[in-house]
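I wanted to go through this structure and write down what I looked up, entry by entry. The notes follow the order in which I turned to each part.

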Amino acid sequence: MLKVSPFLLKSSKKLKKLLRLLPAKSKRVYEKEMVEFDNWRKKRGLGEGAITEEVLLAYFFNVEKHFAASSMWTKYSMLKSMLKVHKGIAISKYGKLTSYLKVGSRKYKTKKAKILERNQIEEFLKKAPVVEYLQVKVALILGVAGACRCNELTFLDISDVQDKGSYLYVLIPDTKTNISRSFTVMEEAFSVNSVEMCRKYISLRPKAAGRRFFLQYVDVKCTTQHVGINTISKTFSKVASFLGLPDPESFTGHGMRRSSATLLANAGGDVTTVKRHGGWKSTTDAENYIEESLSSKMAIAEKIKVLPNVGEVVGPSSTSETPHRVNLNPDSNFVLGNAQVPTLYPIVYCSDGFCELTGFTRAQIMQKGCACKFLFGPETKEEHKAQIDKALESKNELKLEVIFYKKN
């Protein structure tokens, strides 16, 4: 019987734990990146002890010739994980390397998938013939309702969609972030009965169908063949083509997730709600998925109208009946609140200067109360807080010097 020393056994267990740090779905891609780096290093006669910041800078100088800025960050992230796990080297501490990558990415503009606005989704659900587009409609409903990724819809199990009568409860057990999510589809989610449309699609499943929820839909019936990820990813482009939108191919499967986040944000959802809805871990990631829609921009334009005199703005007044004029310096840092929602008076617009001054992004500020309590700190006087609340409640003008705190 072969005996294994306690040291080797302990090391083996430690290695297994470390390997779990790598994402299971992308493990092969991570390993490929490590092999490419090792091959580059060995060709130049550099041993493992030579993995320094200067060596990594030279490697990325070489990589830059063949890859875009976004890919550079992807390669850096994978290499960072692999070197940490296998070599115990933390390249995240290499300031010159990260600074170099940041400078390179400044000129790069990411190409974001186009979104569909609510009225466009409504138009498609109403006008597209069920005979041809039932499967597309159901994918659209679930994708937007749950901010779903294409692979989440592709591998959705029939048992994960539960009919609760007036709504559907949908579970996404396996996600990219390894956090299971769930969402509901309400009957009144759109102008058509979304639940009934999904029920109709489910009722067409043949008895011999497998576990996949999405099956091929042909001649007003479902086949036993499941729908692949390529078909799911073309859902938005099919909608765009039907609506006659320009460049329909630019409406990719990623657009379902972005559209869902944008619709939620435009409806008043704060960044925490958006993060929870889409299962994002990072606030920045969640914000990147939100795109201000045309209807949202028009609504803001209606709230804020620049008058002929410089710096004079028309905005919601302290009463809900008529607007009043607020004299503002062109460089003013300000917010506007909705007087029709008492006690909270949510912020409906904030200037770029206000975001820059406070350190908060517009998505973080919108829909918070215009009393700006999120800027209160230890030295903000209680009497000043009370004066602000009283002025808002009584709808009276207030001029006050108050101590606010930036985000940092």
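Before looking at any helix pair, I noted the convention for handedness: a crossing is left-handed if the near helix is turned anticlockwise from the far one by less than a right angle, and right-handed if clockwise. I also noted that this is a predicted model.

Entry on the whole chain. I found 18 helices and ten strands in the protein chain, and buried residues make up 39% of its 408 residues. Among the contacts in the chain with a separation of 6 or more, 51% are accounted for by residues 24 or more positions apart.

Entry on α7 and α12. I looked up how helix α7, residues 130–145, packs with α12, and I found an angle of about 55 degrees, with the axes 7 Å apart. Angles from 65 to 115 degrees count as roughly perpendicular and those under 35 as roughly parallel, and α7 and α12 are therefore oblique to each other. Their crossing is right-handed. The contact is made by Ala139, Gly143, Val144 and Ala145 from α7, and by Met256, Ser260 and Leu263 from α12. Sorted by class, this contact of α7 with α12 has five nonpolar residues, two polar ones and no charged ones.

Entry on α7 and α11. I then turned to the pair α7 and α11, whose axes come within 10 Å and cross at roughly 115 degrees. Here α7 passes α11 in a left-handed crossing. On the α7 side the contact is made by Tyr133, Val136, Ala139, Leu140 and Val144, and on the α11 side by Thr235, Phe236, Lys238, Val239 and Phe242. By class, the contact of α7 with α11 has eight nonpolar residues, one polar and one charged.

Entry on α11 itself. Which residues of α11 are buried? I listed Thr235, Phe236, Ser237, Val239, Ala240 and Leu243. What covers these buried residues includes α6 (118–127), α7, α10 (229–233) and α12. Just after α11, I saw that Gly244 takes a positive phi of about 75 degrees.

Entry on Thr262. Is Thr262 buried or exposed? Thr262 lies in helix α12, residues 254–266, and its relative accessible area is 1%, so Thr262 is buried, the cut-off being under 20%.

Val220, in the loop between β4 (215–218) and β5 (221–226), has a phi near 60 degrees, a positive value in a residue other than glycine. At 40% relative accessibility, Val220 counts as partly exposed. Asp247, which is not a glycine either, has a positive phi of about 50 degrees, and its place is in the loop between α11 (235–243) and α12. At 45% relative accessibility, Asp247 counts as partly exposed.

Entry on Ala208. I finished with Ala208, whose place is in the loop between α9 (194–203) and β4. Its relative accessibility is 63%, so Ala208 counts as exposed. Ala208 and Thr224 are 16 residues apart in sequence, and I noted a C-alpha to C-alpha distance of 6.7 Å in space.

Conventions
Residues are numbered from 1 along each chain as its sequence is written. This is a predicted model: local features need pLDDT of at least 70, side-chain atom pairs count only at pLDDT 80 or more; totals for chains, interfaces and linings use all residues. Side-chain values use heavy atoms; hydrogens and water are left out. Helices (H or I, at least four residues) and strands (E, at least two) are DSSP runs, numbered from the N terminus. Buried means under 20% relative accessible area, exposed over 50%, partly exposed in between (1.4 Å probe, protein chains only). Axes are lines fitted to C-alpha atoms, for helices over the stretch in contact, and angles run from 0 to 180 degrees between N-to-C directions. Angles under 35 degrees count as roughly parallel, over 145 as roughly antiparallel, 65 to 115 as roughly perpendicular and the rest as oblique. Contact means heavy atoms within 4.5 Å. Ala, Val, Leu, Ile, Met, Phe, Trp, Tyr, Cys and Pro count as nonpolar, Asp, Glu, Lys and Arg as charged, and the others, Gly among them, as polar.
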